[in-house]
Amino acid sequence: MFERFTRGARATVKGAVAHAERAGAGSVTEEHLLLALLEQEGGRAAFAVTALGLHDRRASLDAAFAEARRRGGLTRADTDALAGIGIDLGAIVSRVEVAHGEGALDADRRGRRWWSGHRPFTPGAKTVLENALRVALGRGDRFIGEEHLLLALTAKPGVVADVLAEHGATYTAVQRALYGSVADGGDGGDDAGQGHAQAG
């Protein structure tokens, strides 16, 4: 599959590994893929990221990811669902951090491998890469570009998609920024790509 990646998509994957290394993370996550994607210039995805104002809100994105890591990787929907049954996740996180230190629930903190240069991709990050292929096929593209990675990140349920949606970058918004109005003809492939990506 990697041979179908464009130069920009390959740079994004390599950039994600570099982000994981700099963070001392034991594995490469969807968040690392997004952070690397935000650094790409000159491609279709970079245009969409700029059009959606994500570059201007980078500090807000970073803060949202830090808060999600603090919650142990739970999404806002998870937090709301727990609140609906009377569980105050914020209070639990605070108690855990008092006992075990700040960021104690950060899932990747426990898996750090300082002794190894090899950082595997998490199952979620692998799913994003696979879904990028599905999005590309759904659009009839013979390559996998950064734009397909961006769409796949918005389509995979989880923290990254939630944070992107909170910042106005839903699947539909990204699709419009990349390809124009979804009513512009040729949108059947987009919908097919989204359905495949979400099913993956």
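Visitor: In what order do the elements run from the N terminus on?
Guide: They run α-α-α-α-α-α-α-α-α-α-α-α. That makes twelve helices and zero strands. Bear in mind that this is a predicted model.

Visitor: How much of the protein is buried?
Guide: Buried residues make up 47% of the 200 residues.

Visitor: What share of the contacts joins residues at least 24 apart?
Guide: Take contacts between residues at least 6 apart in sequence. Of those, 66% join residues at least 24 apart.

Visitor: Let's talk about the core. Which residues touch the most other members of the largest nonpolar core?
Guide: Leu33, Leu34, Leu54, Leu150 and Leu153 do, out of 48 residues in that core. The elements giving two or more residues to this core are α1, α2, α3, α4, α8, α9, α10 and α11. The largest share comes from α8, with seven residues.

Visitor: What else does Val128 touch?
Guide: Besides Leu33, Val128 touches Glu30, Leu149, Ala152, Leu153 and Lys156, leaving out residues up to four places away in sequence.

Visitor: Is Glu30 buried or exposed?
Guide: Buried, at 18% relative accessibility. The cut-off for buried is under 20%, so Glu30 falls inside it. Glu30 is in helix α2. Its contacts beyond four places in sequence include Thr122, Gly124, Ala125 and Val160.

Visitor: What about Gln40, buried or exposed?
Guide: Gln40 is buried too, with a relative accessible area of 17%. Gln40 sits in the loop between α2 and α3. Leaving aside neighbours within four places in sequence, Gln40 is in contact with Gly8, Ala11, Thr12, Ala46 and Glu146.

Visitor: On to α3, then. Which residues there are buried?
Guide: In α3, residues 44-51, the buried ones are Ala45, Ala46, Ala48 and Val49. Seen down the helix axis, they fall within an arc of 160°, so they line one face of α3. Phe47 and Ala51, on the other side, are exposed.

Visitor: What does the buried side pack against?
Guide: The buried residues of α3 pack against α2, α9 and α11.

Visitor: What comes just after α3?
Guide: Gly53, which takes a positive phi of about 75°.

Visitor: How many residues of α9 are buried?
Guide: Ten of the ten residues are buried, so α9 is largely enclosed by the rest of the structure. Among them are Glu146, His148, Leu150 and Thr154.

Visitor: And α11? How many there?
Guide: Seven of the nine, so α11 is also largely enclosed by the rest of the structure. The buried residues include Tyr171, Gln175 and Tyr179. After α11 comes Gly180, whose phi is positive, near 90°.

Visitor: New topic: rings. How many aromatic pairs are there?
Guide: Zero in this structure. One ring does have a charged residue over its face: Arg139 lies over Tyr179, at 3.4 Å from the ring centre.

Visitor: Last one. What is Leu133 in contact with?
Guide: Met1, Arg4 and Ile144, leaving aside neighbours within four places in sequence. Leu133 is in helix α8. The C-alpha atoms of Leu133 and Phe2 are separated by 9.7 Å, while the residues are 131 apart along the chain.

Note on methods:
Residues numbered from 1 in each chain as written. Predicted model: local features only at pLDDT ≥ 70, side-chain atom pairs only at ≥ 80, totals over all residues. Heavy atoms only, no water. Buried < 20%, exposed > 50% of the residue type's maximum accessible area, 1.4 Å probe, protein only. Helix = DSSP H or I, 4+ residues; strand = E, 2+ residues; numbered from the N terminus. Arc of directions from axis to C-beta. Contact = heavy atoms within 4.5 Å. Core = buried A, V, L, I, M, F, W, Y, C linked by side-chain atoms within 4.5 Å. Phe/Tyr/Trp six-rings, centres within 6.5 Å; stacked < 30°, edge-to-face > 60°. Lys NZ or Arg CZ within 6 Å of the ring centre and 35° of its normal.
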